[in-house]
Every structure is written in C-alpha cells, then in structure tokens.
Amino acid sequence: MLSDIELVSQFSQELGEDYRVAKSYVRDVPTQALLHVRSFTHRLTDKLAASQQLVFDSPNLYDRIELLNRQRVINVRLTRALHRLRSDGNRGAHPEKYHLTAEALELLAEKATERLVKLVEDLYPLLCNEPAPEYRFEPFDAFAGRDLCYRAVMENDPQAQYLVGMSLKARALMQKEQEQALHEEAEQELDPQSEANFKQAAHWFALAAPHLPEAQYEHGVSLLHGYAGKADVAAGESAIIAAAKAGVVNAMALLGYFYLVGGEQISIDTQLAYRYLQAAADREQSEAMANLGVLYYQQANYAQAFHYISSAAQAGFPHAQYHLALMLARGEGCEADPLASEQWMAEAAEQGQLDAMLHCAQQMLNNENALGNDFSLAERYLREAVKYGHSVPAMIELSIALADGILGRIDVVGSAALLKMARQRGNEREREVIAPLWESLSLQIDKVLSVTLDAEEQRALQRARELLSDPA
C-alpha cells in the first residue's frame, strides 16, 4: 500500500515534492507548511486548467478556482475544498492577524495537509483517468525542525537560518498578541515570552541576510521593530529597499507603503508608491492590493479602488474583506449589493477582522433578518473584539446582552464589569451612551436584591453593585 507522500508523487512528481515539504514542516514550522499548501493549491489549478486546455487570465488564486468552477472543470464540492485550502494557506502568512495560538496554528497545518491529500485522492480519477490507489496516511514527525536547526548551526545554511527565524518570528508574533490581550486582565505585570523569540529570530535573520534576499527583508523588518532590543529604522529601511530591488514581493509591498506615508529616509513619492505596490499586487500580495485600493479610494477613483480591494478580499485579506463589504453596501465603485456585503462581512468576521466581528455580532443580536442569528457566535465575536481590540462598543453591546438575558442567561457581574471597563476606556460620546445603561443596571441589581432569598444570587448581585459603585 502506498504512503500519502507516494500517492501524491504518483499523482504528480512536482506536486509530490511540494506536499512532502509541506508535511515535513507541519510540527516545527507550521507557517511554512501552510504557505506550501497554498503554493500546492496554486500549482494544482494550473494542472486542472491544462487538462482542459484552459488559459487563466489572472494570477489570483480565487479567480482561478472560480473560473475552473464556471467552466465545469470541477464541481461545487471540489471548488469549496480548493477555497478552503486557499484560506488555510493565507492564514500561514500572518497567523497573528487571525488570533491564532502556536497550538492552533500547528493544528491548522495538520488539518490542511490532511485536506490536501484527500483532495488529491478525489481528483485522481479526473486527472489520471483511473481510480486512486489505496494509501495510508503516515503520522507527522518533528524531524524537519531538528534537521533545520542542524543545518542552521552546523552547516551555516542561509535557507535553514531564514526558516528557523521565520518559525521563531511567527511564534513571537502570536505570543505578543496574546500577551497584549491578557495584559489588561492580569493583576500583575506579565513576563513577555515573545521578547526572547523576537531576539532569536533577529539573530538568524541577520546571519542569513547577506546571502538570501528574503532574509534581508526580514532582517530589515526586525531592525525597524527592534526585535533584538533597540530599533534602527534607517538600517531597516535600507535593507527593505535592497530586498525590494532584489524582487522580494513582501519588500516591494512594504516599500510601496513607505512611499505612500514616508519614512525616516524615504520621502513620500506617489509614483514610486504605485510602482512598487503594483509590482507586488501583480504577484498577488494581498496587502499591496489592499493599499492600492486605499490609494485609489482616497483619490475618489472608486472603480479602481473596488477592483483592488475586491482582489485583496478574494486573496483572503480580512481587512480588505471588511472594506469590500462596506463598498458593496454603499455602492461605491460597484452596484450596491446588500446580500454580497453581508457575505463578505461574515467572511471577514470569521477570519478575525475585529470591526467585522462587532458588526456581525450587532446584527445577530439586534436584527431579526440578519444572516445567521447565532447568539453563541455573536458572544464569541464580541468577546474577541473586547479581548484583542479593546472595543468600547463591543463592551457595551455584550454588557447589554448579558444584563437582558439575550444570550440565554443573565450575568449581572459580567455585565457590570464590562460596563465599568467601557466607561474607563470610552470617549465623551460613548460615556453618554453608558450613563443611562449604568443607572438602569444599578436599579435592576437593587430591585432583585430586595426580593431574592438565594444566597449565591445575592453574592453575585453584591459583587455587581460593588463594581458599579467604584468611581474608577
């Protein structure tokens, strides 16, 4: 019986190597595993198109999958499977933006790899004209991580040093987001674990930078943000400029952004901003497409803005998905389409975009005609908007839902704690909204306290009263 790697290699020798590398990175470098999943999916669309003499007119993976579906090369089930892998791969590029932990990222890489080989099994009859042979899925191991470390240290291999740095950087970014989210809840100062991983990542990027343009870009980013301690913006910008000129797509995207807003040694230059953003967008860099869209939007060229923002949204960039939803709702650069707007808003929320999470939660709780009135999902979205975005409107919305029992239970302590946090963080307008809610909740607590005989309920109500009586 074949192994899963042998099955994919028999399906396509080229894709078999992509799959082997992706699987080898799952445990120790899951970000790279997911990026290889996306690369595999892109090459798979080429293979599917070639089987029907179909020519793509776009490098965008979303467009390619949709064209294959429209031309009936693949059915709806296979279309969904390809889109799922595309989404998994996008999460590998910026796992911290999806609020993933290291454990969740590794699990995602495992599931994506399993979905990948299942898709190959499903496509085998279509592309090989025979049933897929039986195979066994071999367990994941951690050999790749040990091998990378050996090559990075003992062989001074720049590619291995770069990948070790990328693994440490991804871990540090996810740790940092979790640390920032928990900082407000901690009673004492947290010991940031992310700092040590940032410093180690900076070390490996610096070693690989003279030999590898991708590492030179990451070295520049580490200098800009002070991964090793103190930031060196001028040196960081120089490294990013050199990497962009060497053709590193992420460097092009960042340099284009710098030409939009200016830097320490980079002057604002709209022409150069267009040049670098367009070059990165042509290679499907989602943030570059989104920034091009923003640039056109600021110039009131809504048709071009819609084109690039929708391209970035289709490439899986959550912020672009949120802004595309707004443009579709307003009919900016397109025909107004409320249903498509709701669908893109839901997609952005599911991918962790905090403004979209708040919007969808509010719709679920307050609009009976909203797409999917799932109160448990609404609560999760609001809690994440509070935890990661410290959103005062989310605090207010969740406080009301807990006090009124909309979520299936009444939690006056939780409601009072959220209202107190909102008042501490809110601006003047938000405080005006909070004031009558504060008074109403206080009256509700006093009223129930006057009649309840339940000792546990009395303790909870007293705690809620203490929270609301605290002037802080």
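This is a predicted model: local features need pLDDT of at least 70, side-chain atom pairs count only at pLDDT 80 or more; totals for chains, interfaces and linings use all residues.
View 1. D122 is partly exposed, with a relative accessible area of 24%. K118 is also partly exposed, at 39%.

**View 2. K169 and E218 form a salt bridge between distant parts of the chain.** The closest N and O atoms are 2.7 Å apart. K169 belongs to helix α8 (residues 158-183), and E218 to helix α10 (residues 213-225). The partners are 49 residues apart. K169 counts as buried, at 13% relative accessibility. E218 is buried too, at 4%.

**View 3. E379 pairs with R409, linking a helix to a loop.** Their side chains meet in a salt bridge of 2.6 Å, N to O. E379 sits in helix α19 (residues 375-389). R409 lies in the loop between α20 (392-404) and α21 (412-425). The two residues are 30 residues apart and link distant parts of the chain. E379 is buried, with 14% relative accessibility, whereas R409 is partly exposed at 34%.

**View 4. E14, D18 and R43 belong to one salt-bridge network.** Shared partners join the three residues. For the model, the count comes to 23 salt bridges.

Terms used:
Residues are numbered from 1 along each chain as its sequence is written. Side-chain values use heavy atoms; hydrogens and water are left out. A salt bridge is a side-chain nitrogen of Lys or Arg within 4 Å of a carboxyl oxygen of Asp or Glu. Buried means under 20% relative accessible area, exposed over 50%, partly exposed in between (1.4 Å probe, protein chains only). Helices (H or I, at least four residues) and strands (E, at least two) are DSSP runs, numbered from the N terminus.
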